[in-house]
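Work through the exercises below with the model open. Try each task before reading its solution.

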Amino acid sequence: GVSALGLIGGAVWAYFKQQQTLESRVATTGSVVELATQVTQRSSIFCPVVEFTTVTGEKTRFTSEFGSRPAGHKIGQSVNVRYEAADPQKAEIESPTNRWLVPLILGFMGVIAGCMGAVFLGFYGLGISP
């Protein structure tokens, strides 16, 4: 019950925090220059390495935190980027997936926790032990 509400509240907070972060950043266009391989416990994922030019003319390169298998981007592909003016290394590809991923995961976990809580309350309320 309480943990489910906390997770759902966290999802809402994460969404608005993500929106605020993206809107406070500078929008520009970059180009995928490389696909970095990150090895996870089960397999490896491909994270796009993006190069862009800041409003001050500084060339900057960053590796996206969001990777996939198979690779979701191609070398040479043009992508929308948002970066912090004070620290261009703090950049990310702007996409609906990146904007919604963390809030969706937290919201999903909250719904599952809520359902589990309801199931356990239902069992105990009826005097049945699961």
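This is a predicted model: local features need pLDDT of at least 70, side-chain atom pairs count only at pLDDT 80 or more; totals for chains, interfaces and linings use all residues.

**Exercise 1. The aromatic pairs**

Task: Which residues do ring pairs link into a cluster? Describe each pair by distance and angle, then place its residues.

Solution. 
- Step 1. Count the pairs. The structure holds two aromatic pairs.
- Step 2. Start with Phe52 and Phe62. Their ring centres lie 5.9 Å apart, with 70° between the planes. Planes over 60 degrees apart count as edge-to-face, so this pair is edge-to-face.
- Step 3. Phe52 sits in strand E2 and Phe62 in strand E3, ten residues apart.
- Step 4. Check burial. Phe52 has a relative accessible area of 2% and is buried. Phe62, at 4% relative accessibility, also counts as buried.
- Step 5. Turn to Phe52 and Tyr83. The centres are 5.0 Å apart and the planes stand at 35°, so this pair is tilted.
- Step 6. Phe52 lies in strand E2 and Tyr83 in strand E4, so the contact ties together parts 31 residues apart in sequence. Tyr83 is buried, at 1% relative accessibility.
- Step 7. Phe52, Phe62 and Tyr83 form a cluster linked by ring pairs.

**Exercise 2. The salt bridges**

Task: How many salt bridges does the structure hold? Take three of the pairs and find the elements that hold them.

Solution. 
- Step 1. Begin with the count. There are four salt bridges.
- Step 2. Take Arg25 and Glu84. Their closest N and O atoms are 3.5 Å apart. The cut-off is 4 Å, so the pair qualifies.
- Step 3. Locate both ends. Arg25 is in the loop between helix H1 (2-24) and strand E1 (26-39). Glu84 is in the loop between strand E4 (78-83) and strand E5 (91-93). The two residues are 59 residues apart.
- Step 4. Arg25 is buried, at a relative accessible area of 15%, whereas Glu84 is partly exposed, at 27%.
- Step 5. Take Arg61 and Glu51. The closest N and O atoms of this salt bridge are 3.0 Å apart. Arg61 lies in strand E3 (residues 59-63) and Glu51 in strand E2 (residues 44-53), ten residues apart.
- Step 6. Check these two residues. Arg61 is partly exposed, at 40% relative accessibility. Glu51 is partly exposed as well, at 24%.
- Step 7. Take Arg82 and Glu94. Their side chains form a salt bridge at 3.2 Å, N to O. Arg82 lies in strand E4, and Glu94 in the loop between E5 and helix H2 (96-125), twelve residues apart.
- Step 8. Arg82 counts as buried, at 17%. Glu94 counts as partly exposed, at 25%.
- Step 9. Look for a network. Salt bridges link Glu34, Glu51 and Arg61.

**Exercise 3. A buried charge**

Task: What is the nearest side chain of opposite charge to Glu92, and how far away is it? Then find a polar contact of the Glu92 side chain.

Solution. 
- Step 1. Glu92 belongs to strand E5. Glu92 is buried.
- Step 2. Search for an opposite charge. Arg25 is the nearest such side chain, 6.5 Å away.
- Step 3. Apply the cut-off. A salt bridge needs the atoms within 4 Å. Glu92 has no salt bridge.
- Step 4. Look for another partner. The side chains of Glu92 and Ser64 make a polar contact at 2.5 Å.

Note on methods: Residues are numbered from 1 along each chain as its sequence is written. Side-chain values use heavy atoms; hydrogens and water are left out. Helices (H or I, at least four residues) and strands (E, at least two) are DSSP runs, numbered from the N terminus. Buried means under 20% relative accessible area, exposed over 50%, partly exposed in between (1.4 Å probe, protein chains only). Rings of Phe, Tyr and Trp (its six-membered ring) pair if their centres lie within 6.5 Å; planes under 30 degrees apart count as stacked, over 60 as edge-to-face and the rest as tilted. Lys and Arg count as positive and Asp and Glu as negative; His and the chain ends are not counted. A polar contact is a pair of N or O atoms within 3.5 Å; within protein, one must be able to donate a hydrogen and the other to accept it, and residues adjacent in sequence count only if both atoms are side-chain atoms.
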